[in-house]
Amino acid sequence: MNVPDSSAQNQVLMERSIIKVKGLTARFGESTILQNVSFEVEKGEIVIIAGGSGCGKSTLVRHMIGIHQPAAGSVVIAGVDVVNASSRDLSYFRRNIGVLFQSGALLGSYTILENVMLPLQEFSGLSLENVEQVARLKLSLVGLSGYGNHLPSEVSGGMLKRAGLARAMVLDPKVLFFDEPSAGLDPITSAELDRLLLSINQGLGTTMVVITHELPSIFNLAHRVIMLDKEPKGIIAIGSPVELRDKSKDPRVINFFRREPLGQE
Ligand SMILES: Nc1ncnc2c1ncn2[C@@H]1O[C@H](COP(=O)(O)OP(=O)(O)OP(=O)(O)O)[C@@H](O)[C@H]1O
């Protein structure tokens, strides 16, 4: 039997990671928000980024997807060195990730179907007919088959999120990023969205990075939680929600998980 040597084993382990963040330092002017942050995310994993307001959750994700340039460190996602990517590589990168931010609202004067078609028209090179077919498929995946011709103003908040999700997924991304996906939703609609994300993760194997501080969502979704804090401007804990809740000795982590409603697991 061929037993792989340790470097080959390491290689296999490394290849499991689809996201590698190494020594990331984020600054705005004189102020350092994140210092020397490193972690990896495995293919198919759902990682939640949590932590108090202003600790740098959005800043981290914005650096990961190339919106901001880090002061130091590297980010490699699906094989693309995001920090040093050429415009060609960035274009490839954008096809391999989907982003659903609160600010990424749908365009109000376009129908939901047209909104979902937009990334395909920009990136796919498909004919208009095929673009529409793919967009309709994605709308059915998120349970919005009958709503393609509605304007965003004509559907509920939960439906808008699902339409945004269809748009974020339309290029079949390997990684999806969400910033507070359940913000503004009632608990039932929020739980429905969690179920949808989970079914997409399980059905398609899509890796997900989700910013949220909603404990039900954390327990519904997360394989691992990365907790950030202003001190030391970075990661204070990484682990499954149950591990962090039951085993952490850090009072900040304990306090965070104490808000968990009874009966969540
Ligand atoms: N573009 C920017 N320019 C200057 N400062 C910024 C910028 N973006 C974020 N910051 C600052 O970085 C810090 C972290 O902000 P960030 O939005 O990443 O925190 P957060 O953890 O996502 O917070 P919240 O949970 O409140 O959304 C804050 O002090 C914020 O003011």
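In this predicted model, V170 touches V116, P119, L120, V134, A135 and K138, leaving aside residues up to four places away in sequence.

**Setting of V170**
- V170 lies in the loop that runs between α6 (157-168) and β7 (175-179).
- V170 counts as buried because 25 C-beta neighbours fall inside 10 Å, the threshold for a buried residue being 20 or more.
- S124 is 46 residues from V170 in sequence, while 9.8 Å separate the two in space, C-alpha to C-alpha.

**Domains**
- The domain assignment divides the protein into domain 1 (17-103 + 176-181 + 189-260) and domain 2 (109-173).
- Taken over C-alpha atoms, the centres of domain 1 and domain 2 are 25 Å apart.
- Contact between the domains involves 14 residues of domain 1 and 11 residues of domain 2.
- On the side of domain 1 that touches domain 2, at least two residues come from each of α3 (87-96), β6 (97-100) and α7 (187-204).
- The residues on that side of domain 1 comprise seven nonpolar, four polar and three charged.

**Ligand surroundings**
- The ligand is surrounded by F28, I33, G51, S53, G54, C55, G56, K57, S58 and T59.
- Helix α2 (residues 57-64) gives the most to this shell, supplying three residues.

Key:
Residues are numbered from 1 along each chain as its sequence is written. This is a predicted model: local features need pLDDT of at least 70, side-chain atom pairs count only at pLDDT 80 or more; totals for chains, interfaces and linings use all residues. Helices (H or I, at least four residues) and strands (E, at least two) are DSSP runs, numbered from the N terminus. A residue is buried if 20 or more other C-beta atoms lie within 10 Å of its own, exposed if 12 or fewer, and partly exposed in between; C-beta atoms are placed from the backbone. Two residues are in contact if their C-beta atoms, placed from the backbone, lie within 7 Å. Domain bounds come from an automatic or database domain assignment. Ala, Val, Leu, Ile, Met, Phe, Trp, Tyr, Cys and Pro count as nonpolar, Asp, Glu, Lys and Arg as charged, and the others, Gly among them, as polar. A residue is near a molecule or strand if its C-beta atom, placed from the backbone, lies within 6 Å of it.
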